[in-house]
Amino acid sequence: MTFIEFFKQQFIEEGATTRKMLSRVPEDKWDYKPHEKSMSMKQLTEHLADLPAWISLVIKTDELDFEKPYDHPRVSNTQELLAAFEKSYNDGLAALTPDSEALLDKPWTLRSGAKIFSTDPKIAVIRMALSQQIHHRAQLGVYLRLLNIPIPGSYGPSADENNFM
């Protein structure tokens, strides 16, 4: 199995789980924050919906500069959130082609103008992008739990699905 084949398999599996989680987001809780330092539900879910597109971004570019315009989803309801996720997901999935394997050792930089946050091989950044999706999905799970919204299973059934708790 190539790295691209492995990433594609992981991308598809994590995408299905993220899609289930995003579908549970209540529109009347966009401003909800479990803590003053937390992102709002809307900020978190817009970011989560955008993360699959980072796969395409990493494969097709050599950097992301936060001082340059970056088009990320802005949504006003759950239907738009899911549509933004699907667009991002399809962009990311389309980039995971056999030809992309040759690019994985090339450097990719995250910066804000002259300030460089990191320069890593694209393979490492793709792994990080997948991990970020999992990380922020877990954050969303906390938000939903605190709002008493049933959580879908991620790697097997959840307590809500099987009435374990």
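**Reading contacts, packing and pockets**

Colleague: Which residues does Asp-62 touch, leaving out those up to four places away in sequence?

Modeller: Contact here means heavy atoms within 4.5 Å. By that test Asp-62 touches Pro-107, Trp-108, Thr-109 and Lys-122, not counting residues up to four places away in sequence. Keep in mind that this is a predicted model, where local features need pLDDT of at least 70, side-chain atom pairs count only at pLDDT 80 or more, and totals for chains, interfaces and linings use all residues. Residues are numbered from 1 along each chain as its sequence is written, and side-chain values use heavy atoms, with hydrogens and water left out.

Colleague: Where is the place of Asp-62?

Modeller: Helices (H or I, at least four residues) and strands (E, at least two) are DSSP runs, numbered from the N terminus. Asp-62 sits in the loop between H3 and strand E1 (63-65). Asp-62 and Thr-119 are 57 residues apart in sequence, yet 9.5 Å apart in space, C-alpha to C-alpha.

Colleague: OK, helix packing. At what angle do H1 and H5 pack?

Modeller: Axes are lines fitted to C-alpha atoms, for helices over the stretch in contact, and angles run from 0 to 180 degrees between N-to-C directions. Helix H1 (residues 3-22) and helix H5 (residues 122-146) pack at about 15 degrees, with axes 11 Å apart.

Colleague: Which residues in H1 and H5 meet?

Modeller: On the H1 side they include Phe-3, Phe-7 and Phe-11, and on the H5 side Ile-123, Ile-126 and Leu-130. By class, this contact of H1 with H5 has 11 nonpolar, 6 polar and 3 charged residues. Nonpolar covers Ala, Val, Leu, Ile, Met, Phe, Trp, Tyr, Cys and Pro; charged covers Asp, Glu, Lys and Arg; the others, Gly among them, are polar.

Colleague: And pockets: how much space lies in the largest pocket?

Modeller: Rolling a probe the size of a water molecule over the atoms shows where empty space is left. On a 1 Å grid over the protein atoms alone, with a 1.4 Å probe, a pocket is an open set of points with protein on both sides within 12 Å along at least five of seven lines, and lining residues have an atom within 4 Å of a point. The largest pocket holds about 250 Å³, and H4 gives the largest share of its lining, 4 residues.

Colleague: What volume has the second largest pocket?

Modeller: About 200 Å³. Helix H2 (residues 41-50) supplies the largest share of that pocket's lining, 4 residues.

Definitions and conventions. Grid points are joined across faces, edges and corners, and a volume is the space filled by probe spheres set on the points.
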